[in-house]
Number of protein chains: 2
Amino acid sequence: MMAQSPNGLMIRKLDSIFPLSDEEEQALARLPMQIAAYKADQDIVRIGDRPSQSCLLLEGFTCVYKITAEGKRQIVAFHVPGDIPDLQSLHLKVMDNSLATVSPCTLGFIPHEALYDLCNRYPRITAALWRETLVDASIFREWMTGIGRREAYNRTAHLLCEMRVRLNMVGLVEDGTFDLPITQTELADAIGASTVHVNRVLQELRADGLIRSRGTQVSILDWKGLKEAGDFDPLYLHLRQEGNA
Amino acid sequence: MMAQSPNGLMIRKLDSIFPLSDEEEQALARLPMQIAAYKADQDIVRIGDRPSQSCLLLEGFTCVYKITAEGKRQIVAFHVPGDIPDLQSLHLKVMDNSLATVSPCTLGFIPHEALYDLCNRYPRITAALWRETLVDASIFREWMTGIGRREAYNRTAHLLCEMRVRLNMVGLVEDGTFDLPITQTELADAIGASTVHVNRVLQELRADGLIRSRGTQVSILDWKGLKEAGDFDPLYLHLRQEGNA
DNA sequence: CGGATCGTTGAGTTGTATCAAGACGGGTGG
DNA sequence: CCACCCGTCTTGATACAACTCAACGATCCG
């Protein structure tokens, strides 16, 4: 099931969307990939760059962010292992955002040429990768409606729900507990609030008995309650089977 | 230049990304398309639907929206003629948002099967369509950073800049003037603000000499000033050549 | 010439930002 | 192994952007 090569994570994920043939799996496994380790808080690609490769996140968390003219940062996406954070650069030559590590990370870089080849040979893999980028877009829409129309308390609950589901998909949740190596400042930049306010919101969530946190470990104490607080419906994640308990 | 068939709009747009061969253009022109007229404020597809076709917007404006549990609406995208508002449904079976007309519209519906066929035959068309969805995603990211990190005044200016550039791409701007058949309530739902506040922001923009509006006609009086106010950099639209004056 | 939709205004309220300072905690070097 | 330090978390006080409510004016249209 879980392939042993680094590409295994990607194969497993794409396969979970629509089952791939052996031949397709082997083609994926043969993709050239250059492994690299990153420390936390390092840019991987920057706005304006013209990357010639995309990366597969193997370990750790990354984020996509933009900086406004006033110097404020908005994090528009988080990535968990198995994600391909800058797959978009395959068809959008110039990066319109920056990509950075949030925690120490292991990344696998795949040349665009290899991906073009793969797509030309296997239309179903094209479809699977295309679909990946469409799910990313769906998450953007959901975050946008949260930032635009939900209050900080609900947005925070929503994000925690999403992280739980996404991490669960790659086996990184145990008993509703998972590692979330994200500072409150980063959380604030993601939900479009100030650090101070996020701090208070988290206290509220704890006081309401929805979550508990110890260091970077987050435990969801009341999944139903948290989903309700976050107005969370996993439809937008387009899972093949609902990956929640 | 401008093809005479309804598909001409799409051909012209895709061609402007990377030039298509005659054969590819003809394949696009042969796409079966069912034309339909819609009144303003009508749903085209709803969240939860499983459409078997995608539509090409020929005339008018559409928007994508979501409703929160509290009944608040967030518009996450506007579309102008030439756009394919629900292209995503080609690979995401269930709609995670609703699509509606904003003004009276003419739409051309294309069966998914025809698009699959086309993509299987012409990898470059696949790439062009994929790219379209990636640009949509890029616009989501930009809107999100606006809603999260810019004030309503700046967001409004930003949206006007974007509409100007996008409408200009399809020849719907003359002398910095264009038709924007969007109510202030819709504008508010798009930038994540209240109607009242949008009204006041628009007055400010007028008072600052940046725009003028008469009915649904918007004139940009100070393009440089508006871009500055909106912190607008068209990079995220991924135009092949900057389509601004 | 109603009637409905959309735009405009004023007044009061609130979510959230900002500023400032202190507490905690984990790593590093002496 | 302690002392220090830096990043992160926490708290309080104040300020403001934006929301809500409510009403009125302007248009358009049948």
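Predicted model: local features only at pLDDT ≥ 70, side-chain atom pairs only at ≥ 80, totals over all residues.
Residues are numbered from 1 along each chain as its sequence is written, and chains are lettered from A and ligands numbered from 1 in the order in which they are written. Local features were considered at pLDDT of at least 70 and side-chain atom pairs at pLDDT 80 or more, while totals for chains, interfaces and linings use all residues, and side-chain values rest on heavy atoms, with hydrogens and water left out.

Chain A consists of domain 1 (8-142) and domain 2 (151-237), the bounds being taken from an automatic or database domain assignment. The C-alpha centres of these two domains of chain A are 23 Å apart. Across the boundary, 17 residues of domain 1 of chain A are in contact with 20 residues of domain 2 of chain A, where contact means heavy atoms within 4.5 Å.

Helices and strands are DSSP runs numbered from the N terminus, a helix being a run of H or I of at least four residues and a strand a run of E of at least two. In helix α4 (residues 123-149) of chain A is found R141(A), which is buried with a relative accessible area of 3%. Here buried means under 20% relative accessible area, exposed means over 50%, and partly exposed lies in between, as computed with a 1.4 Å probe on protein chains only. When neighbours within four places in sequence are left aside, the contacts of R141(A) are V64(B), K66(B), V76(B), Q88(B), D96(B), N97(B) and F140(B). The side chain of N97(B) also makes a polar contact with that of R141(A), at 2.7 Å. A polar contact is a pair of N or O atoms within 3.5 Å; within protein, one atom must be able to donate a hydrogen and the other to accept it, and residues adjacent in sequence count only if both atoms are side-chain atoms. Elsewhere in chain A, P234(A) belongs to the segment after α8 (223-230) and is buried at 9% relative accessibility. Although P234(A) and E162(A) are 72 residues apart along the chain, their C-alpha atoms are separated by 7.6 Å.

In chain B, strand β6 (residues 98-101) has S98(B) and A100(B) pointing one way and L99(B) and T101(B) the other way, and all of these residues are buried. In a regular strand the side chains alternate between the two faces of the sheet. Two strands are said to pair if DSSP finds at least two bridges between them. Strand β2 (residues 43-45) of chain B pairs with β6(B) in the antiparallel sense over 2 bridges, and D43(B) stands opposite A100(B). Strand β4 (residues 62-67) of chain B also runs antiparallel to β6(B), joined by 4 bridges, and A100(B) is the bridge partner of C63(B). Strand β3 (residues 53-59) of chain B is largely enclosed by the rest of the structure, because 5 of its 7 residues are buried. An antiparallel arrangement with 6 bridges joins β3(B) to strand β7 (residues 105-111) of chain B, in which L107(B) stands opposite L57(B).

DNA strand C is surrounded by 16 residues, the closest being S194(A), Q184(B), N199(B), R200(B) and Q203(B), where a residue is near a strand if one of its heavy atoms lies within 4 Å of it. Of the atoms of DNA strand C that come within 4 Å of the protein, 64% belong to sugar and phosphate. A base nitrogen of DNA strand C is 2.4 Å from an N or O atom in the side chain of R200(B), whereas a phosphate oxygen lies 2.6 Å from a polar side-chain atom of Q203(B). The largest share of the surface near DNA strand C, 5 residues, comes from α7(B).

Around DNA strand D there are likewise 16 residues, and the closest are Q184(A), N199(A), R200(A), Q203(A) and S194(B). Phosphate oxygens of DNA strand D lie 2.8 Å from a side-chain N or O atom of Q184(A), 2.6 Å from one of Q203(A) and 2.9 Å from one of S194(B). The largest share of this surface, 5 residues, is given by α7(A).
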